Each structure stands twice: as C-alpha cells, then as structure tokens.
Amino acid sequence: MSPLKIAICGCGPAGLAAALFLARQGHSVQFFERFDAPRPVGSGLILQPTGLGVLSALGLAEEIMQRGAIIERLFGRAHPSGRVVLDVRYAAMAGGWAGLAVHRAALFDVLHEAVNTAGIPIRTSTAVTASKVALGRREIATESGEIIGAFDLVVDAMGARSPLRPQVATSVLTYGALWANVPFTENSGFAANALEQRYFHASRMAGVLPTGAREPGAAPQAAFFWSIRRGDVARWRDNGIARWKDEVGALWPECLPLLEHLRSPDDLTPAHYEHFTLLRPYDDHLAHVGDSAHSTSPQLGQGANMALLDAMALALAMENARNVPEALNHYADLRRWHVRLFQWASAAFTPFYQSDNVILPIVRDRIAAPLSRLPLADALLARLVSGLTVPPLGSGRFVPFQALPGDRAVTQQISY
Ligand SMILES: Cc1cc2nc3c(=O)[nH]c(=O)nc-3n(C[C@H](O)[C@H](O)[C@H](O)COP(=O)(O)OP(=O)(O)OC[C@H]3O[C@@H](n4cnc5c(N)ncnc54)[C@H](O)[C@@H]3O)c2cc1C
C-alpha cells in the first residue's frame with residue numbers, strides 16, 4: 001500500500017505500539033489523546049514473553065529490561081490453611097522464559113520516548129467522541145465539536161470505555177481491586193522475582209508484585225493490590241485507612257510494613273473491570289486494538305500484552321495487504337484464536353479468585369491446585385500464563401522474548 005494518513009486515538013500501550021509500527025512502514029501517523037499530557041494510568045503489570053516479543057520487534061527490549069523486575073514464579077497461599085493454591089513457574093517450560101514486572105509508567109515511558117524520537121505528533125486535550133465514514137475516508141469528532149479528517153484509517157486504542165467501540169454484550173465484574181505503588185527493599189521479606197498472593201475463599205485477595213526500578217537508578221517499587229467488591233469502594237473510603245490496614249493485617253500481616261507510607265484512601269487507586277470481546281474488531285477504515293477490542297479482569301495478567309500483540313498484528317496485516325479492507329480482515333484473522341482463548345480463560349479463572357462463590361475456592365484449593373502441580377500440567381499452566389498456548393499472531397510470524405540472561409536462558413526456542 002502507498003503511505004496512508006492514519007489517526008491513532010489513545011496513547012495507551014496499544015496506541016503507542018501501533019503508531020511506532022505504522023510510522024516505520026512509512027505511513028503518516030498522528031495521535032489524539034484526551035489527557036492534557038500523555039500519562040500512564042495504573043500500577044504494575046507483568047510483561048509476558050508475548051508482550052516482550054512485541055517490544056523486541058520494536059527494538060525496545062533492552063530499554064524495558066532495564067526498568068523492571070524479572071518474575072520467575074507466581075505463588076499464592078490460601079488463608080488461614082496456608083495451603084499453596086497457585087504455583088506457576090516459568091521454568092516448567094524449558095528455556096529462559098520469565099515475565100518482566102514493570103511499573104506501568106516504565107512501559108509508557110519507553111514507548112512514549114520512542115514515539116517522540118520518531119517525531120509522531122500527539123495532539124493532547126482532545127477527547128474523541130465519535131467517528132464516521134465520509135467520502136470514502138473516515139473522520140473523527142471531538143468533544144469540542146471539531147470534525148477532523150480525512151483518514152484512510154482510524155485506530156481506536158481508547159481502552160475498554162472507548163466511545164468508538166460498538167455496543168456488545170458486556171459484563172461488569174462484581175470485584176475490582178485497589179492498587180498502590182509501594183517502596184520495595186531486599187529485606188522486605190518478599191521474593192524479588194515472584195508475584196505473591198494470599199486468598200481468603202474468593203472474596204479476599206491481596207497481591208505483592210515487585211516491579212523493579214521505574215528507570216535506571218530509581219528506587220525499586222512493588223505494586224500492592226487488594227480485591228474489593230465494586231459496590232464496597234465508597235464504604236471502604238469512609239471507613240478510613242487504619243481499618244483497612246487491620247483487614248490486610250488479618251489476612252497477611254507480613255504486608256503491613258510495605259504499606260507504611262499509605263496514609264489515606266487517596267493513596268490507593270480503585271479499578272474495576274468489564275468483560276467483552278468484539279468478534280469483529282474492525283469496521284470501514286476503523287481498527288479497534290487493545291482493550292477497546294477485548295477487555296477482561298487482569299486475573300491472567302494479559303491485557304497489556306494483548307494490546308501490544310494487537311498493534312503488531314495490525315502492522316503485519318498492513319504490510320502484506322493490497323488495501324485497507326483486506327488489511328483489517330487479515331488483522332482480525334491473525335488475532336482471532338489467541339484473543340478468544342485468553343478472553344475465555346480469564347472469564348473462567350476469575351470467579352475462582354474474585355467472587356462470592358463458596359464452592360469454587362474449595363475446588364481451587366483441593367482439586368485444581370494439586371492437579372496443576374502434576375508433570376505436564378505445570379508446563380501447560382506456565383505456557384498459558386506466558387500467553388503462548390496458541391500462536392499469538394495466528395499465521396503471522398512471531399518470536400516471543402526470553403527474559404532470562406546468560407546461561408539460564410535459551411535451551412529451546414519457541415517461534416511461530
Ligand atoms: C488494575 C489493573 C491491573 C492490570 N494488570 C495487568 C497485568 O498485570 N498485565 C497486563 O498485561 N495487563 C494488565 N491490566 C490490563 C492493561 O492495563 C490493559 O489491558 C492495557 O492498558 C490496555 O491498553 P490499551 O492501550 O488498549 O488501553 P489503555 O491503557 O486504557 O489506554 C487508553 C488510552 O486512550 C485514552 N483515551 C480514552 N478515551 C479517550 C477519548 N475519548 N479520546 C481520546 N483519548 C482517549 C486514555 O487516556 C489512554 O491514554 C490491568 C488493568 C487494570 C485496570
């Protein structure tokens with residue numbers, strides 16, 4: 001295709017990565033973002049071999065590896081039994097596989113710096129409200145009533161509540177989470193290379209995810225999260241921080257020193273989740289990528305990775321197509337089965353960890369956990385968490401990234 005005029009709406013991981021890929025293909029790309037200055041939202045997340053593979057394809061693997069913590073194990077105990085009910089080790093798959101936990105700002109900074117270096121313009125304070133096709137191209141409307149066009153392609157990367165996504169069946173999940181970034185020291189008593197969690201039935205869950213230093217030389221941090229019913233956030237705020245810390249202490253007293261600098265409910269951020277999947281993540285001259293195409297609870301920790309994969313799939317599809325409709329069709333093909341599998345798996349796993357169900361946590365603790373430690377089951381689980389259960393880009397070529405260095409790495413390459 002000859003160079004196209006492309007609008008990217010939204011400066012999250014999906015939009016930033018898509019812009020980089022498309023600009024490198026020679027297209028004229030510009031951003032529209034509602035914030036006054038582009039900024040990251042949220043706390044820590046785990047970049048899996050999939051998301052790292054996309055960053056590696058963008059030439060950004062080295063930068064991101066300097067700004068996070070290698071995660072080799074996801075580990076959780078039930079309270080008060082102390083039973084181990086989650087134990088996923090990346091090493092169950094032969095090779096140097098691992099996750100990289102990062103402060104969300106670290107991922108944002110690396111992508112945003114690359115966008116700036118590439119000279120891709122970002123128009124801020126511009127909330128996109130609608131979009132339509134006019135004279136064979138697509139235009140967007142903004143909150144101030146401005147109509148901007150004419151684009152050969154509009155990329156909707158505005159997240160789960162995008163005004164451009166079609167209305168589809170959406171379930172709003174009962175449980176969300178409170179999040180905070182906290183200082184993390186080597187003598188905190190927590191492993192620096194593991195995500196650790198505690199559960200009481202499925203109604204309480206706390207997690208500590210070391211996220212390393214946001215930039216080289218900065219102090220290491222961890223993301224702390226606490227499961228909370230959507231409807232309980234206002235009451236939690238009214239009750240104050242001391243009462244909440246008592247609750248945390250009852251579930252997991254070892255966490256309390258980590259939470260010392262949290263002095264008011266404003267130091268934590270509530271998040272809630274919606275679950276939906278667009279079966280057709282595109283329309284005329286319009287591609288939905290990332291959370292605007294599929295959103296779910298972060299139980300399997302795939303969201304940002306899926307967003308990065310969508311961006312790469314769109315670029316691969318554009319590279320090989322003769323026109324935009326062909327490219328969009330191919331984009332949907334490339335991501336179809338990976339997206340469906342992980343959306344289904346997230347929906348299936350979430351009630352075991354975040355729900356008011358009383359039977360599922362018993363099944364989790366007594367049946368699923370022992371089964372998951374059997375040979376082969378542990379490797380399958382590691383592969384699921386890594387995002388590698390099915391080819392992430394369908395028939396498109398993709399090389400996941402092995403994060404472990406030197407002699408601990410690479411005995412077996414996985415390449416699709
Ligand atoms: C609490 C929590 C924990 C998570 N943990 C993980 C994890 O461990 N691992 C993982 O992979 N994923 C995790 N996720 C999911 C991950 O954060 C998302 O899947 C990912 O950020 C999606 O990226 P995106 O670019 O599609 O959308 P977003 O990151 O939501 O970015 C959307 C962008 O669009 C902009 N925007 C929105 N509306 C408009 C508008 N009208 N006009 C212009 N701009 C607009 C926003 O300001 C923003 O910049 C978590 C999510 C939450 C909420």
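This is a predicted model: local features need pLDDT of at least 70, side-chain atom pairs count only at pLDDT 80 or more; totals for chains, interfaces and linings use all residues.

Student: Ok, which residues come nearest to the ligand?

Tutor: Of the 32 residues around the ligand, those that come nearest are Gly-10, Gly-12, Gly-159, Gly-290 and Gly-303, where a residue counts as near if its C-beta atom, placed from the backbone, lies within 6 Å.

Student: And which elements give two or more residues to that shell?

Tutor: They are α1 (13-24), β3 (44-47), β14 (175-183) and α7 (303-320), with helices (H or I, at least four residues) and strands (E, at least two) taken as DSSP runs numbered from the N terminus. The largest share, four residues, comes from α7.

Student: Is α7 buried or exposed?

Tutor: 16 of its 18 residues are buried, so α7 is largely enclosed by the rest of the structure; buried here requires 20 or more other C-beta atoms within 10 Å of the residue's own, with C-beta atoms placed from the backbone.

Student: What about the core, which residues touch the most other members?

Tutor: In the largest nonpolar core, which has 118 residues, they are Cys-9, Ala-17, Ala-18, Val-155, Ala-311 and Met-312. Such a core is a set of buried Ala, Val, Leu, Ile, Met, Phe, Trp, Tyr and Cys residues joined through C-beta atoms within 7 Å. The largest share of this core, 13 residues, again comes from α7.

Student: What is Ala-18 in contact with?

Tutor: Leaving aside neighbours within four places in sequence, its contacts (C-beta atoms, placed from the backbone, within 7 Å) include Val-155, Ala-311 and Leu-314.

Student: Switching to strands: where does Val-155 point?

Tutor: Val-155 points one way from strand β12 (residues 153-156) together with Leu-153, whereas Val-154 and Asp-156 point the other way, and all are buried.

Student: In what sense does β12 pair with β1 and with β21?

Tutor: Pairing needs at least two bridges found by DSSP. Strand β1 (residues 5-9) pairs with β12 in the parallel sense over four bridges, and Ala-7 has Val-154 as its bridge partner. Strand β21 (residues 286-288) also pairs with β12 in the parallel sense, over three bridges, and there Val-155 stands opposite Ala-287.

Technical notes:
Residues are numbered from 1 along each chain as its sequence is written. A residue is buried if 20 or more other C-beta atoms lie within 10 Å of its own, exposed if 12 or fewer, and partly exposed in between; C-beta atoms are placed from the backbone. Two residues are in contact if their C-beta atoms, placed from the backbone, lie within 7 Å.
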